[in-house]
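Work through the exercises below with the coordinates open, and try each task before reading its solution.

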Amino acid sequence: MYFNLSIKIFCILNLVSLLGGLRPVTGRNFFVVLAIGICLGFTFTYVLLHASSYNISELVLFPERQRFRGDAHHYSQLNDVEDIPAPVGHHSDDEEFHKGEDLVAKELAERVRVLCWIMTSPANHQKKARHVKETWGRRCNILVFMSSANDTSLPSVSLPVAEGRNNLWAKTKEAFKYVYNNYMDQIDWVMKADDDTYVIVENLRYMLADYNTSEPVYFGCRFRPYVKQGYMSGGAGYVLSKEALKRFVEDALPDEKNCRSDAGGAEDVEMGKCLEAVGVQAMDTRDSLGRGRFFPFVPEHHLIPGHSDPNFWYWKWIYYPSSEGLECCSDNAISFHYVPPNMMYVLDYLIYHLRPYGISNYASKSHATNVKNTQKPS
């Protein structure tokens with residue numbers, strides 16, 4: 001596109017220079033005008049061709065530290081993630097500061113059974129997916145990696161879909177059908193996450209414990225556009241009750257009026273449309289102080305004020321008011337997106353192992369209570 005445009009501009013500039021030469025001027029002036037036109041044409045063409053490898057909106061709209069590149073939902077800033085050559089390891093449950101600390105979490109894991117399925121691809125099995133398995137993924141009741149190729153080291157499920165952004169919706173539909181057909185009697189909730197999403201599973205169960213899995217509900221980072229009740233960000237991860245999963249597979253997918261039948265479309269938007277069509281309610285996941293729990297970016301982007309331009313799409317799309325700084329995020333935060341593998345291990349250490357002496361990390365039930373779902377966004 002840029003190449004064709006540059007050629008057209010080059011031709012126009014040269015035509016202008018030639019027309020300028022048709023005026024009654026001396027021969028020397030004619031060649032001066034022509035030379036200037038040719039130089040301008042070549043210069044402008046070079047600039048356009050050089051800039052064609054960049055997203056123009058990035059170059060013009062946002063300063064360097066404020067860019068969020070690519071697609072709003074699925075672009076990974078970590079296409080070339082740094083390889084971690086050796087296992088990082090785990091702390092022992094019998095260590096002085098950890099012994100017996102997770103008894104409540106273990107009891108909750110028996111009552112609130114969560115299956116986590118991870119959207120991945122063959123190219124990311126070792127670069128990203130295996131690090132999910134080594135960190136937060138092992139805290140799910142069931143962990144399933146959805147790909148287009150079988151990999152026994154994870155293991156992964158080989159779904160009958162092609163890879164690529166244009167097939168994410170097809171992959172999502174097949175993944176939920178696989179979960180429905182193979183795990184329905186073993187789970188209460190289903191969470192979809194990307195292979196660069198980090199989830200604090202204990203906080204997820206903590207929030208879900210107040211809800212009945214037989215109700216048609218789903219949770220996540222809620223956005224405004226495209227769907228009347230809003231939809232949940234795919235990158236931040238979203239969670240379906242067993243009843244919501246049942247309605248999606250049995251009622252929504254078979255009917256083209258409820259669900260888009262082809263592979264195209266944004267996965268999370270299409271999911272929101274399907275679930276709304278079959279009466280699944282998009283829930284408010286904020287805590288009692290109105291702070292969010294699911295986040296579509298790394299913690300830094302939410303915690304540091306001024307990190308993104310005020311006109312950035314996030315501020316226009318977020319369903320509920322969202323603050324910058326420490327007030328952005330609940331103490332019971334559940335997920336962050338675009339997290340590289342090395343940061344997953346850092347978060348694991350900071351959340352599950354680092355302990356400030358004399359400060360309890362026990363969370364009171366009253367502090368976890370959600371704001372009323374009937375509250376209107378301002």
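The exercises that follow concern a predicted model, and they treat its disulfides and then a surface patch.

**Exercise 1.** Determine how many disulfides the structure holds and which pattern they follow along the chain.

Solution. The structure holds 3 disulfides. When the bonded cysteines are counted along the chain, the pattern of pairing is 1-2, 3-4, 5-6.

**Exercise 2.** Locate the disulfide of C116 and C140, and work out which parts of the chain the pair ties together.

Solution. Begin with the sulfur atoms of C116 and C140, which lie 2.0 Å apart, within the 2.5 Å cut-off for a disulfide. The torsion about the S-S bond is -90°, and the link of C116 and C140 is left-handed. C116 belongs to strand β1 (residues 114-119), whereas C140 sits in the loop between α5 (125-134) and β2 (142-147), so the pair connects parts 24 residues apart in sequence. Finally, C116 and C140 are both buried.

**Exercise 3.** Describe the link of C328 to C329, including its handedness and the burial of both residues.

Solution. C328 is joined to C329 by a disulfide with an S to S distance of 2.1 Å. The value about the S-S bond is -85°, and this link of C328 and C329 is left-handed. As for accessibility, C328 and C329 are both buried.

**Exercise 4.** Is L354 buried, exposed or partly exposed, and to which surface patch does L354 belong?

Solution. L354 has a relative accessible area of 42% and is therefore partly exposed, since that class lies between under 20% and over 50%. L354 is found in the loop between α12 (341-352) and α13 (365-368). Together with M343, V346, Y349, L350 and I351, L354 forms a nonpolar surface patch of about 470 Å² accessible area.

Key
Residues numbered from 1 in each chain as written. Predicted model: local features only at pLDDT ≥ 70, side-chain atom pairs only at ≥ 80, totals over all residues. Heavy atoms only, no water. Patch = residues over 30% accessible without salt bridge, like charges linked within 9 Å, V, L, I, M, F, W, Y side chains within 5 Å. Areas by Shrake-Rupley, 256 points an atom, 1.4 Å probe, with all protein chains shown as cover. Salt bridge = Lys/Arg side-chain N within 4 Å of Asp/Glu carboxyl O. Helix = DSSP H or I, 4+ residues; strand = E, 2+ residues; numbered from the N terminus. Buried < 20%, exposed > 50% of the residue type's maximum accessible area, 1.4 Å probe, protein only.
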